[in-house]
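Work through these exercises with the model open beside you. Try each task before reading its solution.

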Amino acid sequence: MPATSTLTMAPTRAPEHVAATDLTRSDRDDTVAMLRRLLPASPPRETVPLVPVPGQVVGLHGPAGMGLTRLGLSMAAGAATEGSVACVDVRGWLCPSAAWEVGIDPDRLVVVRCDDPVTWARVVAGLLDGMGAVYAEVPRQVKEAPLRTLASAVRSKGTPLVLNPLSGMLPGGLAQLRLEGRRISWEGTGAGHGRLLRRRLVLEASGKAVKGMTRIIEVEDHGADALRVVSRLGTAPARYAAG
Amino acid sequence: MWYPDWALRRPDTPPGEPAQAIGADHRVVAVNPEAAAAGVTVGMRRRQAEAICPAIRSLASDPTAEAVGFEPVVRAVEGLIPRVEVVQPGMLLAPVTGAVRYFGDEWVLVGRVVEAIEAVAGPGHRIGLAAGPFSARCAAEMAMGEPLVVEDDRSFLRSLDVASLGREELAATFRWLGITTLGQLADLPRQAMVTRFGADGLDAHRLARGEDRRPQPREIPVDLAVEERFDPPLDNLEQAAFVGRALAHRLLTETGRWGSTPFRVVVEAESAGGATRSRTWRNTDPFDEATLGDRIRWQLAAWLDEARLRSGPGIGGGVVRLRLAPADLSDRGRQLALHEDARRAAETHRTLVQTQALVGPDRVLVARPQGGRDPGDRVQWSRWDDPPPAPAGDPAAPWPGAVPTPSPALVPDGAVPLEVEWDGGMPERVRLGSRWEPVLSWAGPWRRLGRWWDGQPPADRYQIVTSAGAFLCEVREGATWLTGIYD
């Protein structure tokens with residue numbers, strides 16, 4: 001998934017007394033083992049975690065076409081290392097092919113169609129009990145109180161919840177990580193030739209998960225694998241640069 | 001020992017008229033001799049039975065009341081033969097080897113049993129004696145008036161119809177293949193049966209050869225038994241049955257972790273007076289939660305009723321302890337996948353059952369990939385918990401003209417009109433809500449010929465990119481339709 005799926009090798013030099021050309025096979029093996037110990041075990045953490053931690057609510061904001069459905073599915077896939085992923089589909093438009101492409105196994109994906117705002121809250125609360133992660137579109141008429149109840153259920157049960165409201169915004173303070181789509185650009189198409197290949201999505205991240213600061217990140221999606229945060233390409237408002 | 005009309009031994013059964021007892025699945029579970037003479041048989045659908053015999057009186061089966069009424073019969077047999085197993089109200093199995101040795105002869109034993117059960121339940125019983133439970137059951141079904149003692153199980157079974165296996169679909173397949181008797185089935189090589197019919201075929205072949213499943217004692221860990229204590233004692237049947245159902249769930253969860261399910265369970269209850277009662281229940285197939293829960297309820301009803309009416313020892317003063325112990329385990333438990341955790345799988349199952357109850361089973365769905373040219377065609381939906389149907393197309397096939405990946409994340413259920421301004425065959429602007437968005441780039445068209453034999457017109461598919469996102473649309477018969485949003 002995003003931040004941790006891309007391995008980066010820091011330019012670390014080998015000790016000077018070991019000349020690469022003079023190495024025997026066993027020496028080389030020893031050197032490789034030593035370098036592996038010296039190199040960091042995992043790449044540096046991104047400043048914006050795109051994999052929700054247990055008990056976290058993520059809110060996605062933006063119009064249809066901004067790429068938030070795929071982003072939400074990708075986040076749920078990353079969060080559900082064990083157990084199934086439930087998608088609550090309000091419009092009945094969700095296409096499982098996109099979920100499979102971001103890494104959710106067909107055997108672990110359950111789609112629940114529910115457009116009634118009252119039942120919706122009960123359905124999502126129930127799914128938090130037994131699923132690994134839940135991605136839910138939020139119907140238009142859902143009141144604030146059931147959303148707050150859901151947030152407390154997420155904290156107590158530990159199941160990550162990704163909410164994608166179909167209109168409007170989630171109440172303030174509900175989501176620990178709030179991602180708002182700012183711009184989307186696609187590559188691969190021209191004037192009647194090519195095909196959609198890759199997209200870049202600029203997001204504004206805010207909330208407790210980013211320590212209350214607003215950050216701008218850019219996310220790249222190849223379509224056939226998980227999302228990737230493009231390091232050092234993000235721009236940010238003045239004084240809060242991050243990448 | 002079997003009372004075929006046990007479900008009809010109730011006060012509201014009309015004497016001298018055809019009558020049938022109907023189970024929860026709307027099938028006949030018992031018929032009286034008048035109905036049997038008219039051609040009604042056990043297992044028949046209610047409508048079918050009523051069509052054959054329009055004057056028949058249909059009564060809803062009440063297993064709890066039947067179990068309560070059957071308890072004195074079980075006790076009577078238990079007085080002569082230990083370790084009696086109840087199959088259902090009206091039918092029980094008893095291992096007679098030791099008792100035959102004690103009484104000296106099979107017929108002496110049968111005579112004592114007949115005497116004992118007729119004293120409490122009257123005539124109408126059928127008794128079969130054989131080396132295995134399946135043969136004994138078949139013998140009891142065939143015994144008319146006199147008990148039937150089978151000397152050689154294998155030769156006895158050879159003449160029986162394949163329907164006696166009790167599996168309609170399998171029996172129909174055997175008949176279609178020209179196998180009508182268990183003897184013909186037994187003559188087939190076992191390997192061929194397993195290859196063609198799997199575990200069901202193997203079971204059928206074993207039964208046909210008289211190799212009935214004997215209790216196969218495996219080492220059962222002590223901790224598989226589940227127990228609950230109550231303070232104050234439970235004297236209400238509904239409460240006790242509720243706890244029994246929960247215990248059944250616990251027991252099956254515990255045994256499920258070992259990849260097994262029990263087909264014999266000992267139900268043990270301790271009364272407030274300190275007396276302990278236990279009864280073994282047996283099922284042809286391994287127990288599931290509902291089946292075992294029913295058996296526990298029936299048993300508790302019988303014991304509590306006995307105590308209330310003072311017709312037997314029962315459970316006086318209520319239940320203070322209830323214990324379920326698996327007597328034999330079957331290896332038919334579900335094999336979990338490598339990544340699957342049994343506890344989590346059970347939680348997921350329970351959650352989705354609750355969700356089904358909230359939104360209906362048609363709205364809790366799973367999807368499987370299938371072949372197709374459009375994003376919507378590449379998904380095969382089915383209800384969760386239903387076996388997935390065969391895919392309409394092979395997903396690994398090439399599908400020329402298919403819309404390439406990535407797939408749109410949103411695919412409208414029906415045709416949604418999209419306003420697109422075209423200039424010389426090239427899209428210029430797209431109307432999104434109240435505003436027009438200029439097209440930044442586009443790809444296509446991918447031509448789909450359509451199923452002309454179904455009246456489906458040909459269509460051209462386009463990928464259109466605007467600053468607000470990318471859309472998949474198709475143009476057919478001069479109009480543009482939205483078929484996907486790359487959200």
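Contact here means heavy atoms within 4.5 Å. This is a predicted model, where local features need pLDDT of at least 70, side-chain atom pairs count only at pLDDT 80 or more, and totals for chains, interfaces and linings use all residues. Residues are numbered from 1 along each chain as its sequence is written, chains are lettered from A and ligands numbered from 1 in the order in which they are written, and side-chain values use heavy atoms, with hydrogens and water left out.

**Exercise 1. Describe chain A as a whole.**

Step 1. Take the contacts in chain A between residues at least 6 apart in sequence: 67% of them join residues at least 24 apart.
Step 2. List the elements. Chain A has 6 helices and 9 strands. These are DSSP runs, numbered from the N terminus (helices: H or I, at least four residues; strands: E, at least two).
Step 3. Check burial. Chain A has 243 residues, and 53% count as buried. Buried means under 20% relative accessible area, exposed over 50%, partly exposed in between (1.4 Å probe, protein chains only).

**Exercise 2. Is A:D89 buried or exposed, and what does A:D89 touch?**

Step 1. Locate A:D89: strand β2 of chain A, residues 85-89.
Step 2. A:D89 counts as buried because its relative accessibility is 1%.
Step 3. Leave out residues up to four places away in sequence. A:D89 then touches A:L94, A:V111, A:V112, A:R113, A:C114 and A:E137.
Step 4. Look at A:L94 again. Its backbone nitrogen lies 3.1 Å from a polar atom of the A:D89 side chain.

**Exercise 3. Find the side-chain partner of B:H125 in a polar contact.**

Step 1. Go to the loop between α5 (106-121) and β6 (128-129) of chain B, where B:H125 is found.
Step 2. B:H125 has 9% relative accessibility, so B:H125 counts as buried.
Step 3. The partner is the side chain of B:E118, at 2.9 Å. A polar contact is a pair of N or O atoms within 3.5 Å; within protein, one must be able to donate a hydrogen and the other to accept it, and residues adjacent in sequence count only if both atoms are side-chain atoms.
Step 4. Beyond four places in sequence, B:H125 touches residues including B:M1, B:W2 and B:Y3.
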